[in-house]
Amino acid sequence: MDLEAAKVIGAGLAAIGVGVASAGVGFVFGSFLQGALRNPGAADGQQGRLFIGFAAAELLGLIAFAVAMIILYAV
Amino acid sequence: MAAESKIDPMHQFTIDAIGGGALDGTPFVFTNSALWMLIVLGTIVLFMAGGLKRELVPGRWQVAVESLVEFISGIAVTSIGEEGRKYIPWIFTVFVFILFANYWSMVPLTVVGLHPFTVTSQFTITGVMAVISFSIVLIVGFWKHGFHFFSLFVPHGTPKPMLPLIVAIEMVSFMVKPFSLALRLFVAMIAGHILLEVFGSFVASGVASGTPMGYAVTVVSIVFMAFVNAIELLICGIQAYVFALLTALYINDSEHLH
């Protein structure tokens, strides 16, 4: 297998991480909605924490994307 | 494979000199990045100037500016407390600059032949902002607590045998903060704009092919691009909010320790 083919396969494998992170982001917002619908009064005060959780989950997906881009363009 | 594809999604992030080489007698070059930063700055100045009239009965513009300021002071006060008010200038600066830069990059000026440059898609820009945020954290921490600041690495109630491991983990998670702050913003902007570029080129090459299949691809791509644009507008706001919020939280850590 030459380097070009290996790069494309590697970038595709790295892109799996983006999909997994999307599950994480969905879980964050889904859990927030579950809690928020049980106690709507407390929901607004927790939005900061919602976005912290979102940012943490999203960061890992973005790192996977960055790895894919590095493999494709920088290696 | 690479030979027939003409899409170059990374081209939009290249930094070019505008108006020739270096400025007279200096090694500095006026680039498209600098130009768009000036445009962003000009927009911010215009926006803020419209809201500083101190009218007794505020107009719409005044209300827009005031609610933006109140939103930021809300972030600072809820996450740091009353002493967070002195950090509002920096948090506000970061939030407004990122927000305006992100939204300028979404303006479809390509239609009239201009090429909007995404200021926040460069690691140097986001990195400098993250480093300033992190410097504030360090300076405030050491200024207020001296060497007691290192107790940040030891959470309350840690069992003695676990101490070396916990300290190492806390240390790494603390040191990684500026990188994650800068990386999140710049990669999110790059990813979104690559997606837009790729689907935009699908539209163009679908029309250029002139076949029924090509037109079908064009229609699907345009519908999809509308959704991606909507998501991107949301992401632009969220990234600015997250950057400001995390800056406030990190400052809170150094202001109050654990």
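A: Start with the contact itself. It draws on 14 residues of chain B and nine residues of chain A. Keep in mind that this is a predicted model.

Take the chain B side. The elements that give two or more residues to it are helix H2 (60-80), helix H6 (177-209) and helix H7 (212-256) of chain B. H6(B) provides the largest share, six residues. Sort this side of chain B by class, and there are ten nonpolar, three polar and one charged residues.

Now zoom in on H6(B) and its partner. The partner is helix H3 (residues 47-74) of chain A, and the two axes come within 9 Å. They cross at roughly 65 degrees. Two packed helices are described by just these two quantities, the angle between the axes and the distance between them. The crossing of H3(A) and H6(B) is left-handed.

Which residues meet there? From H3(A) come Ala55(A), Leu59(A), Leu62(A), Phe65(A) and Ala66(A). From H6(B) come Ser180(B), Leu183(B), Arg184(B), Val187(B), Ala188(B) and Ala191(B). The residues of this helix pair divide into nine nonpolar, one polar and one charged. An α-helix has 3.6 residues a turn, so residues three or four places apart point the same way.

Step back to chain B as a whole. Its secondary structure comes to seven helices and two strands. From the N terminus the order is β-β-α-α-α-α-α-α-α. The C-alpha trace of chain B spans about 70 × 60 × 45 Å along its principal axes. Chain B has 258 residues, and buried ones make up 25% of them. Consider its contacts with a separation of 6 or more: 63% of them join residues 24 or more positions apart.

Next, go behind the contact to the largest nonpolar core. This core has 48 residues. The largest share, eleven residues, comes from H7(B). The residues with the most contacts inside the core are Ile91(B), Phe95(B), Ile98(B), Phe243(B) and Ala244(B).

Follow Ala244(B) for a moment. Leaving aside neighbours within four places in sequence, Ala244(B) is in contact with Ile72(B), Ile75(B), Ile91(B), Val94(B) and Phe95(B).

Thr218(B) sits in helix H7 of chain B. Is Thr218(B) buried or partly exposed? It counts as partly exposed, because it has 18 C-beta neighbours inside 10 Å, and a buried residue needs 20 or more. Not counting residues up to four places away in sequence, Thr218(B) touches Val203(B), Gly206(B) and Val207(B). Ala204(B) lies 14 residues from Thr218(B) along the chain, and their C-alpha atoms are separated by 7.6 Å.

Methods: Residues numbered from 1 in each chain as written. Chains lettered and ligands numbered in written order. Predicted model: local features only at pLDDT ≥ 70, side-chain atom pairs only at ≥ 80, totals over all residues. Contact = placed C-beta atoms within 7 Å. Helix = DSSP H or I, 4+ residues; strand = E, 2+ residues; numbered from the N terminus. Nonpolar A, V, L, I, M, F, W, Y, C, P; charged D, E, K, R; others polar. Buried ≥ 20, exposed ≤ 12 C-beta atoms within 10 Å, placed from the backbone. Axes fitted to C-alpha atoms, helices over the stretch in contact; angles between N-to-C directions. Left-handed = near helix turned anticlockwise from the far one by under 90°. Core = buried A, V, L, I, M, F, W, Y, C linked by C-beta atoms within 7 Å.
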